[in-house]
Amino acid sequence: MHAIGISQYGAPEVLALVERPRPSAAPGEVLVRVLAAAVNPTDLMLRSGELGPYVAAFAPPHTPGMDASGEVVEVGPGVTDLAPGDRVMAFVNPFTAAGGAQAEYVAVPAGHAVRLPDELPTREAAGLPMNGLTAHQALALLDLAPGATLAVTGGAGALGGYAVELARHRGLRVLADAADADRALLERLGADVVVPRGATPEATAAAYRAAAPDGVDGLVDAAVLGAPALDAVRDGGALVKCRPYELPETRGIRVHQAFVVDHPDKRAALAELAALAAGGAVTLRTAALLPAAEAARAHALLERGGVRGRLILTF
């Protein structure tokens with residue numbers, strides 16, 4: 001089968017279509033014929049070598065990608081809730097010998113794939129699993145009661161947008177930062193207050209504090225503001241990091257780390273996300289559908305920044 005391969009680390013041009021063995025469904029797994037796989041910042045970090053230690057035990061080429069959509073073609077022993085022919089979306093762990101989602105076929109644990117509702121288009125659904133699960137995990141870590149105040153940095157991005165929509169669905173009051181060009185988008189996604197994005201992380205944090213003088217109850221740092229984001233949080237509040245970085249202990253603020261591979265119940269979360277997307281509470285935002293052969297172009301576009309919606313590779 002064809003797959004996107006990283007044989008050496010570097011710029012987007014190192015990406016190439018390679019031949020890899022087609023997998024089979026082991027016990028408890030399903031084999032999915034991939035129609036689409038989204039491109040994420042994690043893929044850029046794997047391609048550049050930043051995540052090289054996570055795949056050091058496996059021989060290259062490494063295949064990136066954490067979310068896919070397509071059709072089940074085989075089920076392993078013990079799988080009873082999915083069948084060949086089912087349209088599904090799936091979370092795929094790229095830090096394995098088999099590699100990630102950007103391949104013509106992937107074998108995944110049955111608990112990492114859910115059937116797509118009729119309302120959801122197959123290819124566009126590939127943009128939901130990884131970032132949707134990360135937003136779902138972040139809100140679970142914060143465990144805020146309805147009516148609490150949540151800040152979402154980078155709310156116009158893929159992860160931030162899902163966090164805004166899920167938070168609204170859970171009855172939270174949502175603040176999110178945006179450039180002027182993205183203000184209307186965040187209002188459509190459901191942000192109660194859109195604060196101006198500053199030229200520095202410190203300025204953005206100050207804008208949040210001006211909008212919520214007592215500080216927000218929780219903050220999802222999708223934009224990776226880092227330590228300055230703590231200034232937006234009230235004493236005794238909580239913050240979720242969406243990438244690893246060090247934070248000082250201060251004012252009793254609880255700090256959590258979201259790492260989507262560790263989400264404890266992917267099946268239930270994916271089923272909820274699919275249902276919410278089918279009902280319109282969560283929005284599938286697709287920036288472009290690109291042939292898999294244009295993976296390097298997708299990486300370059302995402303690296304440049306400013307993409308609104310998901311860049312999705314099609315197979």
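Mentor: Let's take the pockets, then the salt bridges. This is a predicted model, so local features need pLDDT of at least 70 and side-chain atom pairs count only at pLDDT 80 or more, while totals for chains, interfaces and linings use all residues. Residues are numbered from 1 along each chain as its sequence is written, and side-chain values use heavy atoms, with hydrogens and water left out.

Trainee: How much space lies in the largest pocket?

Mentor: A pocket here is an open set of points on a 1 Å grid over the protein atoms alone, where a 1.4 Å probe fits, with protein on both sides within 12 Å along at least five of seven lines; lining residues have an atom within 4 Å of a point. Volume is the space filled by probe spheres set on the points, which are joined across faces, edges and corners. For the largest pocket that comes to about 1,000 Å³. It has 38 lining residues, and Pro41, Asn131, Leu159, Ala222 and Arg243 are the closest to its centre.

Trainee: Which residue classes make up the lining of the largest pocket?

Mentor: Ala, Val, Leu, Ile, Met, Phe, Trp, Tyr, Cys and Pro count as nonpolar, Asp, Glu, Lys and Arg as charged, and the others, Gly among them, as polar. On that basis you get 22 nonpolar, twelve polar and four charged residues.

Trainee: And how many salt bridges does the structure hold?

Mentor: Side chains of opposite charge can pair when their charged atoms come close. We call it a salt bridge when a side-chain nitrogen of Lys or Arg is within 4 Å of a carboxyl oxygen of Asp or Glu. The structure holds twelve. One of them joins Asp67 and Arg310, at 3.9 Å from N to O. Asp67 is in strand β4 (residues 67–75) and Arg310 in strand β15, so this pair ties together parts 243 residues apart in sequence. Strands are DSSP runs of E, at least two residues, and helices are runs of H or I, at least four, numbered from the N terminus.

Trainee: Are Asp67 and Arg310 buried or exposed?

Mentor: Buried, both of them. The cut-offs are under 20% relative accessible area for buried, over 50% for exposed, and partly exposed in between (1.4 Å probe, protein chains only).

Trainee: What about the salt bridge between Asp81 and Arg267?

Mentor: That one is 3.2 Å, N to O. Asp81 sits in the loop between β4 and β5 (87–91) and Arg267 in helix α6 (residues 266–279), so the pair links parts 186 residues apart in sequence. Asp81 is partly exposed at 32%, and Arg267 is partly exposed at 36%.
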